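Let's take a walk through this model together, one region at a time. Keep the viewer open and follow along as we go.

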Amino acid sequence: MADPVTGRGAAVRLVRASLTLLALAAVAAPFVLSWRLHEHLRSVAEQETTSPGPLPADAVAGWRGLAAGLPDRAAPVVLTYHDIRPGGGGPYTVTPQQFESHLSALRAAGYETLSGAELAAYARGGPVPRRSVVITFDDGARGVWIYGDAILARHGMRASAFLITGMVGRGTYYLSWEEISRMAASGRWDFQSHTHDLHARVATGPGGRTGSLLTNRVYSPATGEWESPARCQARVRADFAAAFRAFQQHGLPRPALFSYPFSDSGDGGPPEPSSTGTTSGAFADRMIKDSFVLAMSNHASRPMPPSRRSSAAQEYERLEVRADTTADVLMREVTRRVEIPPRGTPLEDHERWTSAGGEPVRPGDFPLTGRHPQPGHDTYRYAAYAPYSSADWDDYTVEVQVSRLAANTNTASLHARIGGREPVAIRLSTRTAQLINGRSGGGVLAEHPLTPGATHHVLLTVRGSRIVALVDGAIRLSAPSRHGADNTGGIALSIVRDGAGRRWPVFTDLRVTPGGSPGPAAITSTVTPGPPRRRG
């Protein structure tokens, strides 16, 4: 039988303990609430509003002038930013005032902004939108919430942020999930993928070679060995799964767009064992194309603007905005990337020519046209006309005259479908015309002797699955050409001389027209090409 006295003592002790806990809870409650408030404030930084400032009338007029004559509907131009902070902070960080001026310039020139979902819909074959840009931010830096969001709101524009989901909430540099939630709720932002935790550069080979952790096998300098292909592929699969899981857990739609870390597509490591069937870079690329509508890069081996050609390849090249990008520079670059139809007189359109490295050039700056020839010891010159704006060109005719050819010392070439998978070119010397495969080291597709002369006239028609060239109104050369969305593109010119003291050929009277075909009445000789042969 229980002792009633002992039972009463236990009850008293229990009551006292409960009262003590309640008292402690009452004392601790303000501290807990304060801690929670502190954590909330730490995870949601206070936004700062900047003043837009007045816009100079001459600047606005200049921005509008750059856009004058461009089509109202065109493939969008995709811009890449990284962070926004007062005073900058590196080559990829813009100030709030810069970002404000960029959006002011775009709006003054009549540009709208597209969301990530709208860009994906266009890439899937949707209608061409009104003249527009897609504003993207890589990495998920906190400056886009603190400074960029209010500027977007003021201009009624939208943007896409590419998150490294494994870095969200780490330190003070990256966005928190609470900030991301508020941004998504505003309707101004959508969120895309920049990997979960593979945004890093690692050793990819001896001699200090480095590359993206996503697209390369890791090299160990200590052992001189690379990680196995199987381990590399498992790492990529796990990262993609973690990124998608993070989006789902935080109530965000599954991302449709992906951005390559460092624009590095890999394949810089050792040869893969034949049993794997693919390189590490190719495996990552396949994973990306299977998991997303589009992959984004800031640097591509060939122009890949948001065109139908690039949509077929599921990869778009963006225009990278840097700390030194003024509003004027931005508008000139955006204008140069807006698609244009295949017509006009390109040699008079000085602003749209680029070098082999993609840098802007003017025909007068090099001897392609014979104007203002410059001294130099080089033996090769090349310039492409509007390679981004002409990415979807197909079914067009180019007419040009080539002069100052010299026997056995120089040649001139007119290239077509540049940036496509199989570009072509017609190459002229004083005595010979050749249709050649335009890729590096490509073979001769067709050729025919010409009446010797320093000047020849060319009419080149790019249509469907054949390329036809009419030289001097008499010689017709034709060759099959790959036809499809991945083999479109505009024109380029190149000239070669065999020594620094030799003269350059020049091009004049260059004209592009849509459609067209050389008339059969003028044809005196047709070359049916045999198997391509390598250039000598």
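**A guided tour of the predicted model**

Leu55 is partly exposed, its relative accessible area being 43%. Please keep in mind that the model is predicted. You will find Leu55 in the loop that runs between helix 1 (4-43) and helix 2 (57-67). Leaving aside residues up to four places away in sequence, Leu55 touches Val60, Trp63 and Ser104. A further residue to look for here is Ser101: the C-alpha atoms of Leu55 and Ser101 are 8.4 Å apart, although 46 residues separate the two in sequence.

Next, turn to strand 1 (residues 77-81). How many of its residues are buried? The count is 5 of 5, so strand 1 is mostly covered. In a regular strand, side chains alternate between the two faces of the sheet. In strand 1 both faces are covered: Val77, Leu79 and Tyr81 are buried on one side, and Val78 and Thr80 are buried on the other.

Which strands pair with strand 1? One is strand 5 (residues 132-139), which runs parallel to strand 1 and is joined to it over 5 bridges. Within that pairing, Thr80 stands opposite Thr136. Another is strand 15 (residues 319-320), also paired in the parallel sense, over 2 bridges. There, Leu319 is the bridge partner of Leu79.

Leu79 also brings us to the nonpolar core. In soluble globular proteins, nonpolar side chains tend to be buried together. The largest nonpolar core here has 91 residues, and the members that touch the most others are Leu79, Phe99, Ile135 and Leu435. Helix 5 (residues 143-155) supplies the largest share of this core, with 6 residues. To see the surroundings of one of these members, centre your view on Leu435. Not counting residues up to four places away in sequence, its contacts include Ala425, Ile426, Val444, Leu445, Leu460, Ile467 and Leu477. Gly443 and Ser478 are also among the residues that Leu435 touches.

From the core, let's move on to charged pairs. Side chains of opposite charge can pair when their charged atoms come close. Across the whole structure, a search finds 18 salt bridges. One of them joins the side chains of Arg131 and Asp72, at 3.7 Å from N to O. Arg131 sits in the loop between helix 4 (116-123) and strand 5, while Asp72 sits in the loop between helix 2 and strand 1, so this pair ties together parts that are 59 residues apart in sequence. Are the two partners buried or exposed? Arg131 is buried, with a relative accessible area of 10%, whereas Asp72 is exposed, with a value of 54%.

A second salt bridge to visit is formed by the side chains of Asp378 and Arg381, with an N to O distance of 2.1 Å. Asp378 counts as partly exposed at 27% relative accessibility, while Arg381 counts as buried at 14%.

Our last stop is the salt bridge between Arg463 and Asp395, whose closest N and O atoms are 2.9 Å apart. This pair links distant parts of the chain, 68 residues apart: Arg463 belongs to strand 24 (residues 456-463), and Asp395 to the loop between strand 18 (380-385) and strand 19 (396-403). Arg463 is partly exposed at 41% relative accessibility, and Asp395 is partly exposed at 33%.

How values were computed. Residues numbered from 1 in each chain as written. Predicted model: local features only at pLDDT ≥ 70, side-chain atom pairs only at ≥ 80, totals over all residues. Heavy atoms only, no water. Helix = DSSP H or I, 4+ residues; strand = E, 2+ residues; numbered from the N terminus. Buried < 20%, exposed > 50% of the residue type's maximum accessible area, 1.4 Å probe, protein only. Contact = heavy atoms within 4.5 Å. Pairing = 2+ DSSP bridges. Salt bridge = Lys/Arg side-chain N within 4 Å of Asp/Glu carboxyl O. Core = buried A, V, L, I, M, F, W, Y, C linked by side-chain atoms within 4.5 Å.
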